[in-house]
Amino acid sequence: MKSVFLSSLMMLTTFSAMAASPWEKGGFETGQYRNLFVEFGYSEAEVDAKVKQVFDDVFRGPNKVYFEVGDTLGYVSDIKNHDARTEGMSYGMMIAVQFGEKDIFDRLWRWSKKYMQHQDGFRKGYFAWSCKTDGTRNAQGAASDGELYYITALLFASNRWGNAGGINYKAEAQHILNSIMPREYEPEPMQGFGGFMPQQQSGPQKIYLIDPETKLITFTPDGFGQRYTDPSYHIPAFYEVWAKWADDGRSDYWNECAQKSREFLHKCVNDTTGLNADMCQYDGSEMQMPRFPRRQGAPQGAPRRNGSNNFRYDSWRVPMNITLDYEWSCADREWQQQYGEKIQNFFYSQGVNTFVDQYRTDGTLPEGDEILQAGGFRKLRHSIGLVATTAAASMMCSHDKSREFVDALWNARHEPFDDGYFDAYYDGLLRLFAFMHLSGRYRVITP
(Lines give C-alpha, C1' and ligand atoms only; values in the text may rest on other atoms or scores of the structure.)
Protein backbone atom coordinates (compact mmCIF):
# COMPACT_ATOMS: atom_id res chain seq x y z
CA MET A 1 0.00 0.00 0.00
CA LYS A 2 2.86 2.36 0.92
CA SER A 3 4.60 1.75 -2.41
CA VAL A 4 1.37 2.43 -4.31
CA PHE A 5 0.91 5.71 -2.40
CA LEU A 6 4.49 6.81 -3.07
CA SER A 7 4.18 5.89 -6.73
CA SER A 8 0.97 7.92 -7.05
CA LEU A 9 2.57 10.85 -5.26
CA MET A 10 5.56 10.76 -7.62
CA MET A 11 3.23 10.69 -10.64
CA LEU A 12 1.26 13.65 -9.28
CA THR A 13 4.45 15.60 -8.60
CA THR A 14 5.74 14.88 -12.10
CA PHE A 15 2.41 15.89 -13.63
CA SER A 16 2.38 19.16 -11.68
CA ALA A 17 5.90 19.97 -12.81
CA MET A 18 4.95 19.27 -16.42
CA ALA A 19 1.90 21.46 -16.09
CA ALA A 20 4.07 24.38 -15.03
CA SER A 21 6.52 23.98 -17.93
CA PRO A 22 5.71 25.56 -21.29
CA TRP A 23 6.33 23.32 -24.27
CA GLU A 24 9.43 23.69 -26.41
CA LYS A 25 7.94 22.70 -29.76
CA GLY A 26 4.93 24.08 -31.61
CA GLY A 27 1.90 22.59 -33.29
CA PHE A 28 3.39 22.89 -36.78
CA GLU A 29 5.99 20.32 -35.72
CA THR A 30 4.16 18.14 -33.21
CA GLY A 31 0.46 18.38 -34.06
CA GLN A 32 -0.18 18.47 -30.30
CA TYR A 33 -1.79 21.15 -28.11
CA ARG A 34 -2.03 21.62 -24.35
CA ASN A 35 -5.28 21.67 -22.44
CA LEU A 36 -4.13 23.98 -19.67
CA PHE A 37 -7.52 23.88 -17.96
CA VAL A 38 -7.13 20.14 -17.46
CA GLU A 39 -3.52 20.55 -16.35
CA PHE A 40 -4.75 22.98 -13.71
CA GLY A 41 -7.30 20.53 -12.36
CA TYR A 42 -10.53 21.05 -14.30
CA SER A 43 -12.04 17.85 -15.66
CA GLU A 44 -12.33 17.08 -19.37
CA ALA A 45 -16.11 17.06 -19.04
CA GLU A 46 -16.11 20.47 -17.31
CA VAL A 47 -13.88 21.96 -20.00
CA ASP A 48 -15.94 20.51 -22.86
CA ALA A 49 -19.13 21.91 -21.36
CA LYS A 50 -17.60 25.32 -20.67
CA VAL A 51 -16.17 25.71 -24.17
CA LYS A 52 -19.51 24.72 -25.69
CA GLN A 53 -21.26 27.29 -23.50
CA VAL A 54 -18.85 30.07 -24.49
CA PHE A 55 -19.22 29.14 -28.18
CA ASP A 56 -23.01 29.18 -27.86
CA ASP A 57 -22.87 32.57 -26.12
CA VAL A 58 -21.33 34.01 -29.28
CA PHE A 59 -23.23 32.09 -31.96
CA ARG A 60 -26.51 30.81 -30.53
CA GLY A 61 -27.39 32.34 -27.16
CA PRO A 62 -29.62 35.29 -26.23
CA ASN A 63 -26.64 37.66 -26.51
CA LYS A 64 -25.29 36.14 -29.72
CA VAL A 65 -23.50 38.28 -32.32
CA TYR A 66 -24.00 35.86 -35.24
CA PHE A 67 -27.12 36.18 -37.37
CA GLU A 68 -28.28 34.17 -40.38
CA VAL A 69 -29.85 35.71 -43.47
CA GLY A 70 -31.97 33.47 -45.65
CA ASP A 71 -30.68 30.05 -46.61
CA THR A 72 -27.07 30.88 -47.43
CA LEU A 73 -25.80 34.03 -45.70
CA GLY A 74 -24.80 35.10 -42.19
CA TYR A 75 -22.91 37.90 -40.48
CA VAL A 76 -21.24 38.75 -37.17
CA SER A 77 -22.28 42.13 -35.81
CA ASP A 78 -20.61 44.59 -33.48
CA ILE A 79 -23.94 45.04 -31.74
CA LYS A 80 -23.15 48.29 -29.93
CA ASN A 81 -22.04 49.92 -33.20
CA HIS A 82 -24.82 48.38 -35.34
CA ASP A 83 -22.47 47.14 -38.06
CA ALA A 84 -20.62 44.13 -39.43
CA ARG A 85 -16.84 44.40 -39.59
CA THR A 86 -14.19 42.40 -41.41
CA GLU A 87 -12.63 41.89 -37.98
CA GLY A 88 -15.66 40.02 -36.64
CA MET A 89 -16.53 38.31 -39.94
CA SER A 90 -13.04 36.85 -40.35
CA TYR A 91 -12.82 35.98 -36.64
CA GLY A 92 -16.11 34.15 -37.03
CA MET A 93 -14.75 32.19 -39.98
CA MET A 94 -11.60 31.23 -38.06
CA ILE A 95 -13.69 30.04 -35.10
CA ALA A 96 -16.08 28.15 -37.39
CA VAL A 97 -13.33 26.22 -39.15
CA GLN A 98 -11.69 25.38 -35.82
CA PHE A 99 -14.99 23.94 -34.53
CA GLY A 100 -15.88 22.23 -37.82
CA GLU A 101 -18.94 24.46 -38.33
CA LYS A 102 -18.96 24.44 -42.13
CA ASP A 103 -22.40 26.00 -42.54
CA ILE A 104 -21.48 28.98 -40.36
CA PHE A 105 -18.17 29.35 -42.19
CA ASP A 106 -19.75 29.28 -45.64
CA ARG A 107 -22.50 31.73 -44.67
CA LEU A 108 -19.96 34.22 -43.32
CA TRP A 109 -17.76 33.88 -46.38
CA ARG A 110 -20.66 34.34 -48.81
CA TRP A 111 -21.82 37.48 -46.94
CA SER A 112 -18.25 38.84 -46.93
CA LYS A 113 -17.81 38.20 -50.64
CA LYS A 114 -21.25 39.57 -51.58
CA TYR A 115 -21.18 42.79 -49.57
CA MET A 116 -17.63 43.51 -48.43
CA GLN A 117 -15.16 42.33 -51.05
CA HIS A 118 -14.36 44.73 -53.88
CA GLN A 119 -14.81 43.00 -57.22
CA ASP A 120 -13.23 45.74 -59.34
CA GLY A 121 -11.32 49.00 -59.09
CA PHE A 122 -7.99 49.62 -57.40
CA ARG A 123 -9.23 47.89 -54.22
CA LYS A 124 -10.15 44.69 -56.09
CA GLY A 125 -9.80 41.71 -53.76
CA TYR A 126 -9.79 43.81 -50.59
CA PHE A 127 -12.74 44.14 -48.21
CA ALA A 128 -14.68 47.20 -47.03
CA TRP A 129 -13.98 47.08 -43.31
CA SER A 130 -17.48 48.12 -42.10
CA CYS A 131 -20.97 47.56 -43.46
CA LYS A 132 -24.44 48.05 -42.12
CA THR A 133 -26.13 44.77 -41.31
CA ASP A 134 -28.12 45.02 -44.56
CA GLY A 135 -24.82 45.00 -46.46
CA THR A 136 -24.61 48.73 -47.25
CA ARG A 137 -21.01 49.86 -46.91
CA ASN A 138 -20.11 52.37 -44.22
CA ALA A 139 -16.63 52.73 -45.70
CA GLN A 140 -14.78 51.51 -48.77
CA GLY A 141 -11.30 51.09 -47.30
CA ALA A 142 -9.91 47.96 -45.68
CA ALA A 143 -8.53 47.26 -42.23
CA SER A 144 -5.55 44.99 -42.73
CA ASP A 145 -6.30 42.48 -39.97
CA GLY A 146 -9.46 41.38 -41.78
CA GLU A 147 -7.52 40.23 -44.83
CA LEU A 148 -4.99 38.52 -42.55
CA TYR A 149 -7.69 36.37 -40.95
CA TYR A 150 -9.70 35.79 -44.13
CA ILE A 151 -6.69 34.29 -45.92
CA THR A 152 -5.69 32.03 -43.03
CA ALA A 153 -9.25 30.86 -42.34
CA LEU A 154 -9.82 30.07 -46.03
CA LEU A 155 -6.61 28.02 -46.21
CA PHE A 156 -7.66 26.08 -43.13
CA ALA A 157 -11.08 25.50 -44.69
CA SER A 158 -9.35 24.19 -47.81
CA ASN A 159 -7.26 21.84 -45.68
CA ARG A 160 -10.25 20.65 -43.65
CA TRP A 161 -13.03 20.35 -46.22
CA GLY A 162 -11.34 20.40 -49.61
CA ASN A 163 -12.32 22.71 -52.46
CA ALA A 164 -15.00 20.78 -54.34
CA GLY A 165 -18.03 21.52 -52.17
CA GLY A 166 -19.29 24.68 -53.85
CA ILE A 167 -16.61 27.08 -52.61
CA ASN A 168 -13.02 26.76 -53.77
CA TYR A 169 -11.50 27.99 -50.51
CA LYS A 170 -7.91 27.84 -51.71
CA ALA A 171 -8.68 29.77 -54.90
CA GLU A 172 -10.44 32.44 -52.85
CA ALA A 173 -7.42 32.71 -50.53
CA GLN A 174 -5.05 32.90 -53.51
CA HIS A 175 -7.16 35.67 -55.05
CA ILE A 176 -6.80 37.77 -51.89
CA LEU A 177 -3.08 36.96 -51.68
CA ASN A 178 -2.56 38.12 -55.26
CA SER A 179 -4.64 41.24 -54.60
CA ILE A 180 -2.63 42.36 -51.55
CA MET A 181 0.67 42.54 -53.44
CA PRO A 182 1.76 46.11 -54.30
CA ARG A 183 0.06 47.73 -57.28
CA GLU A 184 -0.36 51.30 -58.48
CA TYR A 185 -3.53 53.36 -58.30
CA GLU A 186 -4.69 56.94 -58.62
CA PRO A 187 -5.74 58.11 -55.15
CA GLU A 188 -9.12 59.59 -54.38
CA PRO A 189 -9.23 62.98 -52.62
CA MET A 190 -8.62 62.46 -48.89
CA GLN A 191 -11.15 63.57 -46.33
CA GLY A 192 -10.07 65.34 -43.17
CA PHE A 193 -10.48 63.65 -39.80
CA GLY A 194 -11.10 65.65 -36.66
CA GLY A 195 -9.61 68.76 -38.18
CA PHE A 196 -6.49 66.87 -39.32
CA MET A 197 -5.76 66.74 -43.03
CA PRO A 198 -2.73 64.55 -43.81
CA GLN A 199 -0.58 65.84 -46.61
CA GLN A 200 -1.51 63.95 -49.76
CA GLN A 201 1.06 62.91 -52.31
CA SER A 202 0.29 63.65 -55.94
CA GLY A 203 0.42 61.18 -58.79
CA PRO A 204 0.14 57.39 -58.84
CA GLN A 205 0.55 55.60 -55.52
CA LYS A 206 0.69 51.98 -54.45
CA ILE A 207 -1.76 49.93 -52.46
CA TYR A 208 -0.40 47.02 -50.41
CA LEU A 209 -1.19 45.03 -47.27
CA ILE A 210 2.46 44.42 -46.35
CA ASP A 211 4.85 47.37 -46.35
CA PRO A 212 7.43 46.50 -49.06
CA GLU A 213 10.37 48.01 -47.20
CA THR A 214 9.84 46.62 -43.70
CA LYS A 215 7.79 43.48 -44.58
CA LEU A 216 5.33 44.51 -41.83
CA ILE A 217 1.55 44.63 -42.04
CA THR A 218 -0.02 48.06 -42.57
CA PHE A 219 -2.73 49.62 -40.41
CA THR A 220 -4.79 50.12 -43.55
CA PRO A 221 -3.62 49.08 -47.04
CA ASP A 222 -3.98 52.45 -48.73
CA GLY A 223 -3.36 56.12 -48.02
CA PHE A 224 -2.12 57.41 -44.68
CA GLY A 225 -2.64 54.09 -42.91
CA GLN A 226 0.19 52.52 -44.91
CA ARG A 227 2.67 54.68 -43.02
CA TYR A 228 2.36 52.82 -39.72
CA THR A 229 1.18 49.57 -38.18
CA ASP A 230 -0.93 48.11 -35.39
CA PRO A 231 0.89 45.66 -33.07
CA SER A 232 -2.28 43.60 -32.67
CA TYR A 233 -2.23 42.81 -36.40
CA HIS A 234 1.03 40.86 -36.02
CA ILE A 235 0.48 37.09 -35.99
CA PRO A 236 3.68 35.65 -37.49
CA ALA A 237 2.41 32.06 -37.53
CA PHE A 238 -0.33 33.03 -39.98
CA TYR A 239 2.37 33.80 -42.55
CA GLU A 240 3.81 30.34 -41.94
CA VAL A 241 0.38 28.91 -42.76
CA TRP A 242 0.47 30.84 -46.04
CA ALA A 243 4.00 29.63 -46.76
CA LYS A 244 2.99 25.99 -46.22
CA TRP A 245 -0.39 25.77 -47.95
CA ALA A 246 -1.20 28.81 -50.12
CA ASP A 247 0.75 27.42 -53.10
CA ASP A 248 1.15 30.97 -54.43
CA GLY A 249 4.89 30.75 -55.15
CA ARG A 250 5.79 33.13 -52.30
CA SER A 251 6.73 30.74 -49.47
CA ASP A 252 10.12 32.33 -48.84
CA TYR A 253 8.56 35.79 -48.76
CA TRP A 254 5.89 34.80 -46.24
CA ASN A 255 8.46 33.14 -43.99
CA GLU A 256 10.49 36.34 -44.12
CA CYS A 257 7.38 38.33 -43.15
CA ALA A 258 6.92 36.03 -40.16
CA GLN A 259 10.47 36.67 -38.98
CA LYS A 260 10.20 40.45 -39.48
CA SER A 261 6.94 40.47 -37.52
CA ARG A 262 8.57 38.68 -34.58
CA GLU A 263 11.44 41.17 -34.61
CA PHE A 264 8.94 44.04 -34.61
CA LEU A 265 7.09 42.69 -31.56
CA HIS A 266 10.35 42.81 -29.59
CA LYS A 267 10.62 46.52 -30.38
CA CYS A 268 7.06 47.68 -29.70
CA VAL A 269 6.69 46.16 -26.23
CA ASN A 270 7.67 48.14 -23.12
CA ASP A 271 10.70 46.49 -21.49
CA THR A 272 9.30 46.89 -17.98
CA THR A 273 5.54 46.41 -18.24
CA GLY A 274 5.17 44.31 -21.41
CA LEU A 275 2.51 46.75 -22.62
CA ASN A 276 2.35 47.97 -26.22
CA ALA A 277 0.74 50.94 -27.90
CA ASP A 278 -2.47 50.68 -29.90
CA MET A 279 -0.63 51.87 -33.02
CA CYS A 280 3.03 52.62 -33.69
CA GLN A 281 5.67 53.29 -36.30
CA TYR A 282 7.26 50.42 -38.18
CA ASP A 283 10.35 50.69 -35.98
CA GLY A 284 8.21 50.18 -32.89
CA SER A 285 8.39 53.81 -31.75
CA GLU A 286 5.47 55.95 -30.66
CA MET A 287 3.11 57.68 -33.04
CA GLN A 288 3.66 61.41 -33.38
CA MET A 289 0.70 63.63 -32.51
CA PRO A 290 -0.71 65.27 -35.65
CA ARG A 291 -0.99 69.05 -35.53
CA PHE A 292 -4.64 69.92 -35.07
CA PRO A 293 -5.68 73.54 -35.62
CA ARG A 294 -6.03 75.28 -32.26
CA ARG A 295 -9.64 76.21 -31.55
CA GLN A 296 -10.30 79.92 -31.16
CA GLY A 297 -9.98 80.88 -27.52
CA ALA A 298 -8.39 77.56 -26.48
CA PRO A 299 -5.72 77.97 -23.76
CA GLN A 300 -2.06 77.61 -24.54
CA GLY A 301 -0.25 74.73 -22.92
CA ALA A 302 1.44 71.38 -23.42
CA PRO A 303 0.41 69.45 -26.53
CA ARG A 304 -2.34 66.90 -26.04
CA ARG A 305 -1.18 63.34 -25.45
CA ASN A 306 -1.75 60.89 -28.28
CA GLY A 307 -4.00 58.15 -26.91
CA SER A 308 -2.90 55.88 -29.78
CA ASN A 309 0.36 55.49 -27.87
CA ASN A 310 -1.52 53.83 -25.00
CA PHE A 311 -2.37 50.21 -24.33
CA ARG A 312 -6.10 49.96 -25.06
CA TYR A 313 -8.70 47.96 -27.00
CA ASP A 314 -6.65 46.80 -30.01
CA SER A 315 -3.66 46.22 -27.73
CA TRP A 316 -5.53 43.60 -25.72
CA ARG A 317 -5.04 41.13 -28.56
CA VAL A 318 -1.25 41.19 -28.49
CA PRO A 319 -0.73 38.79 -25.54
CA MET A 320 -3.05 36.27 -27.19
CA ASN A 321 -1.48 36.71 -30.63
CA ILE A 322 2.01 36.11 -29.23
CA THR A 323 0.58 33.07 -27.46
CA LEU A 324 -0.74 31.76 -30.77
CA ASP A 325 2.65 32.17 -32.44
CA TYR A 326 4.27 30.38 -29.50
CA GLU A 327 1.75 27.50 -29.60
CA TRP A 328 1.94 26.95 -33.34
CA SER A 329 5.52 27.82 -34.26
CA CYS A 330 7.60 28.18 -31.07
CA ALA A 331 10.20 29.92 -33.26
CA ASP A 332 10.71 32.73 -30.71
CA ARG A 333 10.16 30.64 -27.58
CA GLU A 334 12.64 32.18 -25.17
CA TRP A 335 11.49 35.78 -25.73
CA GLN A 336 7.83 34.78 -25.78
CA GLN A 337 8.07 33.02 -22.44
CA GLN A 338 9.79 36.05 -20.91
CA TYR A 339 7.13 38.31 -22.41
CA GLY A 340 4.28 36.20 -21.07
CA GLU A 341 5.55 36.40 -17.51
CA LYS A 342 6.42 40.08 -17.84
CA ILE A 343 2.95 41.17 -18.91
CA GLN A 344 1.28 38.90 -16.36
CA ASN A 345 3.54 40.35 -13.66
CA PHE A 346 2.34 43.83 -14.57
CA PHE A 347 -1.36 42.96 -14.46
CA TYR A 348 -0.81 40.94 -11.30
CA SER A 349 0.63 44.08 -9.69
CA GLN A 350 -2.62 45.84 -10.60
CA GLY A 351 -4.74 43.04 -9.11
CA VAL A 352 -5.86 39.97 -11.06
CA ASN A 353 -9.49 40.86 -10.40
CA THR A 354 -9.16 44.65 -10.52
CA PHE A 355 -6.78 45.71 -13.34
CA VAL A 356 -8.30 48.14 -15.81
CA ASP A 357 -8.42 47.92 -19.60
CA GLN A 358 -6.37 50.97 -20.64
CA TYR A 359 -2.91 52.11 -19.54
CA ARG A 360 -0.03 54.16 -20.80
CA THR A 361 2.72 51.76 -21.81
CA ASP A 362 4.75 52.71 -18.73
CA GLY A 363 1.90 51.40 -16.60
CA THR A 364 0.41 54.72 -15.49
CA LEU A 365 -3.26 55.48 -16.02
CA PRO A 366 -4.54 57.56 -18.95
CA GLU A 367 -6.59 60.66 -18.32
CA GLY A 368 -9.39 62.58 -20.04
CA ASP A 369 -9.48 62.24 -23.81
CA GLU A 370 -6.69 59.65 -23.71
CA ILE A 371 -9.29 57.15 -22.53
CA LEU A 372 -10.85 55.66 -25.63
CA GLN A 373 -14.61 55.51 -25.40
CA ALA A 374 -16.74 52.52 -26.34
CA GLY A 375 -20.49 52.23 -26.64
CA GLY A 376 -20.94 55.87 -25.63
CA PHE A 377 -18.93 55.44 -22.41
CA ARG A 378 -15.49 56.87 -21.71
CA LYS A 379 -14.53 54.80 -18.70
CA LEU A 380 -11.82 52.46 -17.43
CA ARG A 381 -13.17 48.99 -16.69
CA HIS A 382 -12.07 45.50 -15.72
CA SER A 383 -13.06 44.11 -19.12
CA ILE A 384 -13.49 40.41 -19.73
CA GLY A 385 -11.80 40.74 -23.14
CA LEU A 386 -8.54 41.68 -21.44
CA VAL A 387 -9.11 39.13 -18.68
CA ALA A 388 -9.26 36.60 -21.52
CA THR A 389 -6.10 37.58 -23.36
CA THR A 390 -3.98 37.84 -20.21
CA ALA A 391 -5.21 34.38 -19.23
CA ALA A 392 -4.30 32.97 -22.66
CA ALA A 393 -0.73 34.14 -22.07
CA SER A 394 -0.49 31.50 -19.32
CA MET A 395 0.33 29.03 -22.10
CA MET A 396 3.80 30.64 -22.24
CA CYS A 397 4.38 30.96 -18.50
CA SER A 398 5.94 28.80 -15.81
CA HIS A 399 5.30 31.03 -12.77
CA ASP A 400 2.56 30.20 -10.28
CA LYS A 401 0.65 33.41 -11.09
CA SER A 402 -0.54 31.98 -14.39
CA ARG A 403 -2.97 29.69 -12.56
CA GLU A 404 -4.69 32.74 -11.02
CA PHE A 405 -5.22 34.31 -14.45
CA VAL A 406 -6.70 31.07 -15.82
CA ASP A 407 -9.03 30.71 -12.83
CA ALA A 408 -10.06 34.36 -13.16
CA LEU A 409 -11.16 33.76 -16.75
CA TRP A 410 -12.95 30.53 -15.89
CA ASN A 411 -14.93 32.25 -13.14
CA ALA A 412 -15.56 35.58 -14.91
CA ARG A 413 -19.17 36.31 -15.81
CA HIS A 414 -19.82 37.95 -19.16
CA GLU A 415 -22.70 40.22 -18.25
CA PRO A 416 -23.57 43.94 -18.29
CA PHE A 417 -21.76 46.33 -15.98
CA ASP A 418 -23.73 48.23 -13.34
CA ASP A 419 -24.09 51.22 -15.67
CA GLY A 420 -25.53 49.05 -18.45
CA TYR A 421 -22.44 48.80 -20.68
CA PHE A 422 -22.13 45.39 -22.31
CA ASP A 423 -19.98 44.24 -25.23
CA ALA A 424 -21.19 40.92 -26.55
CA TYR A 425 -19.03 41.34 -29.67
CA TYR A 426 -15.39 42.17 -28.91
CA ASP A 427 -15.33 40.92 -25.33
CA GLY A 428 -17.29 37.85 -26.40
CA LEU A 429 -15.00 36.94 -29.30
CA LEU A 430 -11.80 37.41 -27.30
CA ARG A 431 -13.28 35.35 -24.47
CA LEU A 432 -14.04 32.54 -26.91
CA PHE A 433 -10.57 32.67 -28.48
CA ALA A 434 -8.98 32.45 -25.01
CA PHE A 435 -11.04 29.38 -24.12
CA MET A 436 -9.98 27.84 -27.42
CA HIS A 437 -6.31 28.46 -26.61
CA LEU A 438 -6.44 27.22 -23.04
CA SER A 439 -8.42 24.07 -23.93
CA GLY A 440 -6.15 23.11 -26.83
CA ARG A 441 -8.83 23.81 -29.43
CA TYR A 442 -7.06 26.51 -31.47
CA ARG A 443 -4.99 24.48 -33.86
CA VAL A 444 -3.07 24.40 -37.10
CA ILE A 445 -5.44 22.62 -39.50
CA THR A 446 -3.41 20.47 -41.86
CA PRO A 447 -4.61 18.90 -45.12
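Predicted model: local features only at pLDDT ≥ 70, side-chain atom pairs only at ≥ 80, totals over all residues.

Reader: What makes Lys80 and Asp423 a salt bridge?

Author: The cut-off is a side-chain nitrogen of Lys or Arg within 4 Å of a carboxyl oxygen of Asp or Glu. The side chains of Lys80 and Asp423 meet at 3.4 Å, N to O. That distance is within 4 Å, so the pair counts as a salt bridge.

Reader: Why is this pair said to tie parts together?

Author: Lys80 sits in the loop between β2 (73-78) and β3 (83-85), and Asp423 in the loop between α14 (401-411) and α15 (426-438). These parts are 343 residues apart in sequence, so the pair ties them together.

Reader: Why is Asp423 called buried, and Lys80 partly exposed?

Author: Buried means under 20% relative accessible area, and exposed means over 50%. Asp423 has 4%, so it is buried. Lys80 has 24%, which lies in between, so Lys80 is partly exposed.

Reader: What about Asp247 and Lys170: how do you know that they form a salt bridge?

Author: Their side chains meet at 2.6 Å, N to O. The limit is 4 Å, so the label holds. Asp247 lies in the loop between α9 (236-245) and α10 (251-268), whereas Lys170 lies in helix α8 (residues 169-179). The pair therefore ties together parts that are 77 residues apart in sequence.

Reader: What makes Glu240 and Arg262 a salt bridge?

Author: Their distance is 2.5 Å, N to O. That is within 4 Å, so the pair qualifies. Glu240 is in helix α9 and Arg262 in helix α10, 22 residues apart. Both residues are buried.

Reader: How many salt bridges does the whole structure have?

Author: The search finds 29. Some share partners: Asp78, Lys80, Asp83, Arg85 and Asp423 are joined this way into one network.

Reader: How do you know that β1 and β2 pair?

Author: Pairing needs at least two bridges between the strands. Strand β1 (residues 66-69) and β2 have 4 bridges, so they pair, in the antiparallel sense. Phe67 stands opposite Tyr75 in β2. The two strands, β1 and β2, form a hairpin with 3 residues between them. In the turn, Gly70 has a positive phi of about 60°.

How values were computed. Residues numbered from 1 in each chain as written. Heavy atoms only, no water. Buried < 20%, exposed > 50% of the residue type's maximum accessible area, 1.4 Å probe, protein only.
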